[in-house]
Amino acid sequence: MSIRATNVTKTFGDFVALDDVTVDLPTGHLTALLGPSGGGKSTLLRIIAGLDTADSGTVEIEGVEASHLPPQKRNVGFVFQHYAAFKHMSVAKNVAFGLEIRKRKKADIDAKVKELLELVHLSQFADRMPSQLSGGQRQRMALARALAVEPSVLLLDEPFGALDAQVRKELRDWLRRLHDEIPVTTVFVTHDQEEALEVADEIVVINHGRVEQVGTPDEVYHQPANDFVMSFLGPTTTLNGSAVRPHDIDVFNQPVAGPAVEGTLTELKRIGFDVRATIDTAGGEHVTVHLTRTHADERGLDVGQRVWIVTSAERRPVAQTGLA
Amino acid sequence: MRADRRTGAGGWVLRGVVVTYVVLLVAWPTGLVFKRAFQDGIDTFFSSLTSPDVQHALALTVTVAGWAVVINLVFGVAISLLLVRYRFPGRRILSVLIDVPLSVSPVVVGLALVLVYNARDGWFGTTLATWGFQVIFSTPGMIMATVFVALPLVVREVTPVLEEIGTDQEQAARSLGAGGFQTFWRITLPGIRWAIVYGLVLAVARSIGEFGAVKIVSGNITGQSQTATLAVEQTYQNFDHQAAYAIAALLAFTAMLCLIVVAILRPKEQH
Ligand SMILES: Nc1ncnc2c1ncn2[C@@H]1O[C@H](COP(=O)(O)OP(=O)(O)O)[C@@H](O)[C@H]1O
Ligand SMILES: [Mg+2]
C-alpha cells in the first residue's frame, strides 16, 4: 500500500472534520476521494501531504511513517484547486522550483523542465508568466511542477474545479492518459461523481468525515454500501420500498411473468436520446424510469397506459432502505 | 470597471471646491516655501545650506531616518507576517497597538520615551546608563522616536497584500521541498516586494519629517542633536529666514520625491 491513513481524526473547534478515518490507497492507482462538499476530503488530502496535522491517527507513505514529517520531507506532489502558481516566476521557473530547491545541476534541471513542459503541452509557453496563461494551462503547469520532483504520490485537490465544463472534461481525460503513461500513485479530490467514475481506478466515498465505501467505480455504482452512496453516485428512484437506479428498471405495456409491479404511466419526457418515464404504482409509489429512445419506442409506451415494471435481472439489486 | 459619467454642473462645482481647497491648503503654501527659498538666487540657497550646523543637522536626519527605516523594514515585515499568518492570543491587541503611533501625538511619544529611558530616573534608562549607554539626548533615542512614529507605515502596506496572496503559493513551495526560510525568501518576499517598497518610501518621508517626538527626546542641541526639522525651527526663530526656508524646501522636495517614486511604481504592480 502506497498511502495508509490509520484512525485519522481531525477537529476544528467542536466540528469533527474527519472521524476515525482509515484508508489504504494502493501503489500506482488513480484514486478519487469523492463526496459532497464539506465532507472532509480536502482535510484528509492535506493531512496526507503534511499541510495540516491530524489530531490523532497516523499517515504512512510508501511504508514510511510520515505523521511527524513536515511537508517538504514527504516527497508528495500537491496540486491546488486554484493552481497556486508562483506569480512572479515564469512557467519554466515554476516547474524548476522543486529541482532548484533540491540543488540539482543546472543542465539536469533544464532538461527535466523541457521534458515536463512537453508532457503537459506547454513548451511554447516556457517563458510566459502564469498570468498570461488560461486556467487550464495554469493547472497543467502546476501539474508539471508537482511532477518535476518525482513525488512518490501525487495529490490533487479538486484540480479541475475552477475550470469551465469543456476544459474540465478535456483535462480529466488527459489526466487519465497521463496516469497511464506515468503511473505515479495519484489521489484526487472531487465532488463530481461523473468525474470520479470516469477517471478513477478506485473511489473512496467520504461524507461527514467518514469513509462510506471504498471500491472500483463499478462497485460503488452498482453495489453501493448504503443509501448515501447509492444516491450520491447516481440517480435513484424507489420501487417496492427499495432504492433502485432508474435505468435498472424495464417497462412493459403488457403483463409479464415474475414479480412485476403494475402501475399507470403518468409522464413521458424525451430529453434528446433519453426518455424519462414516471409510473404511479398501485402501492402509491412514483417510480422514475430512464430508457433510451430506441428502447422506449420498441416497448410502444404512451401516457395513460397500464404498464408492468421489473428491475433488470442482470443488474444487481440494491441496498434496502429503511422502509423495506 | 470605471464609471463613465459625464461631468454635469454639480461635477464642475465639486471640482472647483476641491481644487480651491487643495490649492489654498497645500499647493500655494508649499509653493511659497520654494519661492522664498530661491528668491535670492540658487547660490544663496546652497550657501545657506552649507553652515556647519545645518550640515550637521542634515547629516543627523539622514542617519536617524536611515536607521529608523531599516529597523522598520525588518520589524514591519516580521510583524506583518505574525499578524497575517499566525493566530495567537493577543493578536487583535497587537494589531491595535501598531496603529497607536497614527493616533497619539508625537510629542506624547517623545515624553513617554523620556520617562522610560532617561538616564537619571528612567524606568529602564538608569540600567542602560550604568552599562554606559545613553538613549535620551542622543542618537539612539532619536532613532527610537522615529521608528515609533513610522511603525505602522510598512505594516499597513504589507498586511493587506499578504492577506490577498494567501497561503496557497507558500504551501505549494513547502510541498515542493522548500523549508520555512526558503519559502519566505523565494515566494513570500517577492509577493510582497512592492508593498514593502511603498511602505519604505512612506516611512522615509515620515521619518525625515518627524519633529515633535524627536524634539523632546533629543534635547535639541544645535550642532549636536538637532535634526533638519529642528534646525528649521531654530533658524526661523533666530531670524535666519533664508536658512529656514532653504532647509524646509529641501525637506519638502525630498518628501515629494518619495511620493513621486511611489506614484511611478504603483501602476507596475498590476502587470
Ligand atoms: N481551517 C479550518 N478551520 C475551520 N474549519 C475548517 C477548516 N478547514 C476545513 N474546515 C471545515 O471542515 C469541513 C471539511 O472541510 P474540507 O475538508 O475542506 O471538505 P471538502 O474538501 O470535502 O469539501 C468543512 O465543514 C470545513 O468548513
Ligand atoms: Mg475541498
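Predicted model: local features only at pLDDT ≥ 70, side-chain atom pairs only at ≥ 80, totals over all residues.

The questions below go from the ligand to the strands and sheets, and then to chain B.

Student: Which polar backbone atoms lie 2.9 Å from an oxygen atom of ligand 1?
Tutor: The residues around ligand 1 include A:P36, A:S37, A:G38, A:G39, A:G40 and A:K41. A polar backbone atom of A:G39 is 3.2 Å from a ligand oxygen. The distance of 2.9 Å belongs to backbone atoms of A:G40 and A:K41.

Student: How much of the accessible area of ligand 1 does the protein cover?
Tutor: Backbone atoms take part in the contacts, as with A:K41 at 2.9 Å from a ligand oxygen. On its own, ligand 1 has 550 Å² of accessible area. The protein covers 58% of that.

Student: Which element gives the most residues to the shell around ligand 1?
Tutor: Start with the contact of A:G40, whose polar backbone atom is 2.9 Å from an oxygen atom of the ligand. Two elements of chain A give two or more residues to the shell, β2 (15-25) and α1 (41-49). With three residues, the top contributor is α1(A).

Student: How many residues of the shell around ligand 1 are charged?
Tutor: The shell includes A:F12, A:F15, A:A17, A:S42 and A:T43. By class, four of its residues are nonpolar and six are polar. The charged count is one.

Student: In the hairpin of β1(A) and β2(A), which residue takes a positive phi?
Tutor: The two strands pair in the antiparallel sense, over seven bridges. Across this pairing, A:K10 stands opposite A:L18 of β2(A). Two residues lie between the strands. The positive phi, near 65°, is that of A:G13.

Student: Which residue forms a salt bridge with A:D24, and how far apart in sequence are the parts the pair ties together?
Tutor: The structure has 23 salt bridges over all chains. In one of them A:D24 pairs with A:R4, with the closest N and O atoms 2.9 Å apart. A:D24 lies in strand β2 and A:R4 in strand β1 (residues 3-12) of chain A, so the parts tied together are separated in sequence by 20 residues.

Student: In β4(A), which residue stands opposite A:T6?
Tutor: β1(A) also pairs with strand β4 (residues 56-61) of chain A. The two run antiparallel and are joined by five bridges. Opposite A:T6 stands A:T58.

Student: Which strands stand at the edges of the six-stranded sheet, and why is one side of each left without a neighbour?
Tutor: This open sheet has the order β6-β7-β8-β3-β9-β10 in chain A, and its pairing is mixed. Each edge strand has a single partner strand, so one side is left without a neighbour in the sheet; the two are β6 (76-79) and β10 (210-215) of chain A.

Student: What is the average twist from one strand to the next in that sheet?
Tutor: The sheet is open, and its six strands have mixed pairing. For example, β7 (residues 153-157) and β8 (residues 185-190) of chain A run parallel and share five bridges. There A:L154 stands opposite A:T186. From one strand to the next, the twist of the sheet averages 15°.

Student: Which residue takes a positive phi in the hairpin of β9(A) and β10(A)?
Tutor: Strand β9 (residues 202-207) of chain A runs antiparallel to β10(A), with five bridges between them. A:I203 has A:G215 as its bridge partner. Between the strands lie two residues, and the positive phi near 50° belongs to A:H208.

Student: In the sheet of five strands, which residue of β16(A) stands opposite A:R276?
Tutor: The order in chain A is β13-β17-β14-β15-β16, with antiparallel pairing. β13 (249-252) and β16 (286-292) stand at the edges, each with a single partner strand. β15 (residues 274-281) of chain A pairs with β16(A) over seven bridges. Opposite A:R276 is A:H290.

Student: How many helices and strands does chain B have?
Tutor: The C-alpha atoms of chain B fill a box of roughly 70 × 65 × 30 Å along the principal axes. The counts are 12 helices and zero strands.

Technical notes:
Residues numbered from 1 in each chain as written. Chains lettered and ligands numbered in written order. Heavy atoms only, no water. Near = heavy atom within 4 Å. Polar contact = N/O pair within 3.5 Å; in protein donor to acceptor, adjacent residues only side chain to side chain. Areas by Shrake-Rupley, 256 points an atom, 1.4 Å probe, with all protein chains shown as cover. Helix = DSSP H or I, 4+ residues; strand = E, 2+ residues; numbered from the N terminus. Nonpolar A, V, L, I, M, F, W, Y, C, P; charged D, E, K, R; others polar. Pairing = 2+ DSSP bridges. Salt bridge = Lys/Arg side-chain N within 4 Å of Asp/Glu carboxyl O. Axes fitted to C-alpha atoms, helices over the stretch in contact; angles between N-to-C directions.
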